[in-house]
Amino acid sequence: MTNLRGVFNSYLILVTLLCFLLVQCFIVNTLAMFYVLFESTLIPLARIIGIWGGQIERVPSIQYIAAYTVGGSFPLLLIFTTIEVHAGSSFI
């Protein structure tokens, strides 16, 4: 079954991957892996917005969501790095 924007099975795969990455994000016990998994959720999210986004502004919205997520989480990366340097470990 196809629609105008893409194959529905690929949509289900992307949503499942997004859910899996978010669950894994909160299961890990190191701050570094939390950060990596949280940032990796941008890939399936950008694909979902890019393929199945309903409006013409979907490309700028992908750029905004990527910029805000990476820009907003960069201080978090600095905090995680500082914790790991001072504590010697990033285990939660």
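1. Helix axes here are lines fitted to C-alpha atoms over the stretch in contact, and angles between N-to-C directions run from 0 to 180 degrees. Helices are DSSP runs (H or I, at least four residues) and strands likewise (E, at least two), numbered from the N terminus.

2. The model is predicted: local features need pLDDT of at least 70 and side-chain atom pairs count only at pLDDT 80 or more, while totals for chains, interfaces and linings use all residues. Residues are numbered from 1 along each chain as its sequence is written, and side-chain values use heavy atoms, with hydrogens and water left out.

3. The chain contains 4 helices and 0 strands, in the order α-α-α-α from the N terminus. Its radius of gyration (over C-alpha atoms) is 16 Å, well over the 12 Å that the globule rule gives for 92 residues, so the chain is more spread out than a compact globule; the rule is 2.2 Å times the number of residues to the power 0.38. The C-alpha trace spans about 55 × 25 × 10 Å along its principal axes.

4. Contact is defined as heavy atoms within 4.5 Å. Of the contacts with a separation of 6 or more, 64% are between residues 24 or more positions apart.

5. Helix α2 (residues 31–40) packs with helix α3 (residues 42–52) at an angle of about 10°, the axes lying 5 Å apart. Phe 38, Glu 39 and Ser 40 of α2 meet Leu 42, Ile 43 and Pro 44 of α3.

6. In α2 the buried residues are Leu 31, Phe 34, Tyr 35, Leu 37, Glu 39 and Ser 40, and they pack against α1, α3 and α4 (58–87).

7. The largest nonpolar core comprises 8 residues: Leu 21, Cys 25, Val 28, Leu 31, Phe 34, Tyr 35, Leu 37 and Phe 80. Such a core is a set of buried Ala, Val, Leu, Ile, Met, Phe, Trp, Tyr and Cys residues joined through side-chain atoms within 4.5 Å. Two or more residues come from each of α1 (8–27) and α2, with α2 giving the most, 4 residues.

8. Met 33, also in helix α2, is partly exposed, with a relative accessible area of 39%. Met 33 and Phe 91 are 58 residues apart in sequence and 9.8 Å apart in space, C-alpha to C-alpha.

Definitions and conventions: Buried means under 20% relative accessible area, exposed over 50%, partly exposed in between (1.4 Å probe, protein chains only).
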